[in-house]
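Please examine the sequence and the structure shown here before reading on. The paragraphs that follow lead through selected features, one after another.

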Amino acid sequence: MDTIKQISIFVENQPGKLAELTRLLADADIDLRTLSLADTRDFGILRVIVNKPDETEKLLKANEWTYKTADVIGVKLPDRPGGVAEVLEAINEAGVNVEYMYAFVNRIPGRADTVFRVDDIETTLKALTAKGIEILSPEEAYNG
Amino acid sequence: MAKYWQEDMETMSPEDMKKLQSERLVKQVHHVYENVPYYRDLMDKKGVKPEDIRSVDDLHKLPFLSKADLREAYPFGLLAKPLSDCVRIHSTSGTTGKRVVAFYTQHDVDLWEDCCARAITAAGGNEDDVCQIAYGYGLFTGGMGLHGGSHKAGCLTLPMSSGNTERQIQFMRDLGATILCCTPSYAAYIGETLHDMGLTPDDIKLKAGIFGAEPWTEEMRRSIEKSLGIKAYDIFGLTEISGPGVAFECEEQSGMHINEDHFIPEIIDPETGEVLPEGSVGELVFTSITKEAFPLLRYRTRDLCVLSRKKCSCGRTLIKMAKPMGRSDDMMIIRGVNVFPSQIETVLIEQGYSPNYLIEVDRKNNTDTLDISVEMNPDQFSDKMKDVQDKEKALAGAIKTMLGINPKVHLVSPKSIARSEGKAVRVIDRRKLHD
């Protein structure tokens, strides 16, 4: 299945925590393909897609960071008005909920690749493919 | 294999025990009246003469001693023997004010070690055992007390003291320790470290643990028993009275037998000082009837608990005390409600969280705030913000049901709350700073 492995890391709201985490990844030569930070007063969740997911997991585990992995869908959105709306409508018609979404750091002109975390991956993939919407392969997501 | 350390005392009939206590009490009151001017003044003020105390039934006539008296009389005011007859000093941690120092003659040390040997024997310890003492050694009574008891019971004694947890585990494995003595929070930490080192209870030979010197819950007991593969026994004591071994648990694990041939317990109403009947909840009071150097009469412990003479399946007839529900020193009054850290700990474990937590109390805009940081384990984490917040809310709700007041719960990373090798720091009350 064309899903991408996302790693979500629990980051306590303390000065320097986020820097410490990203430095850890940087020193292991891990490339952050894209990231999103959700935060509250006490803590944040840093969601990342990296070039080397398995290695990243090992590194986090060894350094006692709390994390969880999830399968997410990458969609190759056309970079024009209505691009996001069309995808969301297709997902909605299929009766699937979007938990959250965030955009890729775009590298290809004319495309706004976006990450979707949904509660039913299989149905979403079918619905999007049926509408001719292109899905980002793990290979493309991790290595560009 | 002996089941009891001092069978005659531990299984004495209640009638004979009362007779023995009475004889010892009468003698002790004379000893104190003659040698401790501080207590003589208290008795004189109350109009009580040593002759008025003819049996344990007269105990209630004697004046109380409290921690405040110990501070006032510091350091020598309650000493009943010349210093030349004393061989040892121990002291409380003194975190809440002036330290309390207690003195021991050689005879006092011997009796105290017997009390600890009773606890070790009750936990199944004998000359075939290797007893690892991971209580702190030094002024604190925990290390030296169990150390002496372990010697007496004939165990091979490992005087590790607390700290250096990986070395503790290495010795435990290399020397085949069968009994571990330390604080319950340190036992939990040793269990955690064992698992972090990739080991299981099958890799060690421990069969029993004797844990005390701080409050712990039944849930924490089960979790330590599981992580170390042992049976965990509670032990109770206080420096003022001697140290660990004032009371100890048997295999029934339903309360601790008080060594009442040495320490007479009473339960009083903490407000009025009136003695309450057996089975009532109240403040625990001890009278030392065999100690020579530092014999406290009617010392108020601040521990709230219940006594019971219900027959015990272990055969001991020594009266039992329930696990103290908390020290009145530990009790916090938050928004007018009495809160014990042990209540919060119970909820955490029921809800599947680790017993590693920190309670912070403060006062903002004239309202008390209660913040509880709790470590979550990696399985409890979710990449969805809402799940984590729902978990915090659910836990806050469960704590509110228990306490009646609303806390703010903060889930934090595993191992982010400082571990302690001695008594755990569970509560920070910042309100005191503003007074």
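**A guided reading of the model**

In chain B, Pro75(B) sits in the loop between helix H4 (67-72) and strand E1 (86-91). The structure is a predicted model, and in it the peptide bond from Tyr74(B) to Pro75(B) is cis, with omega near -10 degrees.

Glu64(A) is placed in the loop between H2 and E4 of that chain. Its phi is near 60 degrees, which is a positive value in a residue other than glycine. The side chain of Glu64(A) also takes part in a salt bridge with that of Lys415(B), at 3.5 Å from N to O. This residue therefore leads to the interface, where a salt bridge requires a side-chain nitrogen of Lys or Arg within 4 Å of a carboxyl oxygen of Asp or Glu.

How many salt bridges does the rule find across the interface of chain A and chain B? There are three. On the side of chain A that touches chain B, the elements giving two or more residues are strand E1 (4-12), strand E2 (32-39), strand E3 (43-50), strand E4 (67-76) and strand E5 (98-103) of chain A. The most is given by E1(A), with five residues.

In terms of contact, 21 residues of chain A meet 19 residues of chain B. In terms of area, the two chains bury about 1,600 Å² between them, and 56% of it is on carbon and sulfur atoms. Within chain A, Phe10(A), Thr66(A) and Lys68(A) lose the most area to chain B, together accounting for 32% of what that side buries.

Salt bridges are also found within a chain. Over all chains, the rule counts 37 salt bridges. One of them joins Glu57(A) and Lys5(A), whose closest N and O atoms are 2.8 Å apart. Because Glu57(A) lies in helix H2 (residues 53-62) of chain A and Lys5(A) in strand E1 of chain A, the pair ties together parts that are 52 residues apart in sequence.

Finally, the surface of chain A may be considered. Which residues make a nonpolar surface patch of about 250 Å²? They are Val84(A), Leu88(A), Val98(A) and Met101(A). Helix H3 (83-93) and E5 of chain A each supply at least two residues of this patch, and Met101(A) lies in strand E5 of chain A.

Definitions and conventions: Residues numbered from 1 in each chain as written. Chains lettered and ligands numbered in written order. Predicted model: local features only at pLDDT ≥ 70, side-chain atom pairs only at ≥ 80, totals over all residues. Heavy atoms only, no water. Contact = heavy atoms within 4.5 Å. Buried area = accessible area lost by both parts, 1.4 Å probe. Helix = DSSP H or I, 4+ residues; strand = E, 2+ residues; numbered from the N terminus. Patch = residues over 30% accessible without salt bridge, like charges linked within 9 Å, V, L, I, M, F, W, Y side chains within 5 Å. Areas by Shrake-Rupley, 256 points an atom, 1.4 Å probe, with all protein chains shown as cover.
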